[in-house]
Amino acid sequence: MNVINIRNISKTYVMGVEEVHALHDVTVQIDRGEYVAIMGPSGSGKSTLMNMLGCLDTPTSGLYEFNGANVSEMNDNDLARIRNKEIGFVFQTFNLIPRSDALHNVELPLIYGGVNAHERKRLAAEALNHVNLGDRMHHRPNELSGGQRQRVAIARALVTKPSIILADEPTGNLDTKTGDEIMTLFEELHHQGNTIILVTHEEYIAEHAHRIIRLRDGVIEKDENVQKRVIPTVA
Amino acid sequence: MGMRIADFAYELKEGLAISFQAIRANKMRSVLTTLGIVIGIVSVTLMGTAIEGLSRGFNDSISKIGADVLYVQKWPWFGGEGEWWKYRNRKDIKMPQFDAIERHATLIKSATPMAGTRAPVKYKGQSSEGVLTLGANDQYLETGGVSMDFGRFFNQAESDGGRPICVLGSEVAENLFPNETPLGKTIRIGTSTFRVIGVMEKQGSLLGIESLDNRIVVPIEGFIRRFGANRGIQINVKAADIKNLDDTKEELRGILRKARHVPPTGEDDFAINQQEMFIQTFNAIGAVVAGIGLFITALSLFVGAIGIMNIMFVSVTERTKEIGIRKAIGAKRSTILLQFLVESASLSLIGGIIGIIISYPLSLLVNQILPTSMPLSVVGIAILISIIVGVVSGFLPANRASKLDPVEALRYE
């Protein structure tokens, strides 16, 4: 079943007097449980597509259905609710709240989702344990390493049990070893049934995915399934 | 789709937590920002305290006039400017009119005629200046609400007989008899001599001007005989029941019109004065004081509000990225709006609390001049005002924050 159904969407920005077509007539479907990488050089429109998929932005034209609901016609509050309940964001720069500790950062989407304090603490602790940060709950972002910060961000994305996890260059600010650890974590999450959409410009990162959508100049250049190597799964 | 109360509570709590973190992170800036609010709140609490003191002092004085006492005089206390000649040409009030009141009035508890003179007062080598010698009857204590310190007041027989005896106010007693008891001593008032039979308790002054203790009371009959038979008197009447004050006044009016032979269509040729006239005048003065205080308060609160608005705009800009993050993970516009409103209200409230803390010792200082204390209601009002100012001045910045585009905000560095 489709989680995401995008038909003929375009996005046009007006920059001064010039019109920029960031996306042009893009059609994509993504099923539940898929692990998709969106690739492309900078300026290819992959950030715009990612903002669109994340309901941070709406298309100029075309149809976007999320779990069968028409996102193109939603108001600000409905978009906020979809982002809160259905989408888990992981950013390149982690984007944690600097003054709050790990636990509170992970709790935040639940606060906005109206979950009571006791349940919030339980779910947030569970999510942090899931990413092996059970012992860092009361550390602030500046007391954590880059990899740990990104795992806090992943815990925050997971905590609401969203329909999709949307990761924008999640390893872009990490060294190779830590980046690999993060990619292994995504692998596990995928195995546990999560739908993952990865935006990257690095081939070896994209290769973790099972399907790669290549964008160039605002159009889909290629959409192909990847022949998987055998990956030793961690039990 | 209404917002659940629980959701609102979580967001409010989160907003409070965020604002305290933010204020703690910028302590100096926050305190300086609230300066206008601090001044505004200090001025509102001090004004409240001063007004409280004024009205307390006034009520103190006014109670000495007695709310249930009517004063029959030639002149009204207030009003009637430019009609000086009319009042001057009225017939004096004389003893027969007092007798008529005593005989016919049914709604009164007590009544005394009153006449006064400022004759020099002497005892041996001591003399006392500016003493008001009053002629009154034995009901003076009752109508005036005065009590005795020691000795006794004269009785009805002594009053009617115009005996040469007198009762001293506490100030007169202290001035003439610094080292001995005045009881039984003979003093000279003008050219006449009087024997002291008692001293009245200290009463203080009327509005801080006219001392009520620099007085001597002698029987009215004797007073008229010694200080002049032609002078007019005034009549002080205490109503039996303050609830019937208007009826009592009407009854007195009827008796006096008849006794003074006022024709049925004629205007009263006397005035019946009462405490209420003072209260009205005082309220007018109080309104002016409050008006000035309100103006100063409003001005400084306005300056304070601008300060808070300014710092909140700075705060919104500084935290653009954070607003983007919060929006990305599901904060609605209303959530962000609430967060910043809570922050500006907290900021303003801190100013209010500082203001109250500063006002307290200042109110003790005011207390040295004017017996008063900071009323609790004023503290409550000050807190309420500072919260309202915070919410109002935070609205524009909070609204800007709530309308930020999440994509743009996330990109902000």
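Two residues are in contact if their C-beta atoms, placed from the backbone, lie within 7 Å. This is a predicted model, where local features need pLDDT of at least 70, side-chain atom pairs count only at pLDDT 80 or more, and totals for chains, interfaces and linings use all residues. Residues are numbered from 1 along each chain as its sequence is written, and chains are lettered from A in the order in which they are written.

**Exercise 1.** Find how many residues of chain B are in contact with chain A, and which helix gives the most.

*Solution.* Start with the count: 19 residues of chain B touch 20 residues of chain A. Next, look at the helices (DSSP runs of H or I, at least four residues, numbered from the N terminus; strands are runs of E, at least two). On chain B, α1 (5–25), α12 (320–328), α13 (333–369) and α15 (406–411) each supply at least two residues to this side. The top giver is α1(B), with six residues.

**Exercise 2.** Work out what the buried residues of α2(A) pack against.

*Solution.* First pick out the buried ones (20 or more other C-beta atoms within 10 Å of their own, C-beta atoms being placed from the backbone). In α2 of chain A (residues 76–86) they are A:Leu79, A:Ala80, A:Ile82, A:Arg83 and A:Asn84. Now check their surroundings: they pack against β4 (61–66), β6 (87–90) and α3 (102–112) of chain A, together with α12 of chain B.

**Exercise 3.** Explain why β2(A) and β5(A) each have a side without a neighbour in the sheet.

*Solution.* Write down the strand order of this open, antiparallel sheet: β2-β1-β4-β5 in chain A. Strands pair if DSSP finds at least two bridges between them.

Terms used. A residue is buried if 20 or more other C-beta atoms lie within 10 Å of its own, exposed if 12 or fewer, and partly exposed in between; C-beta atoms are placed from the backbone.
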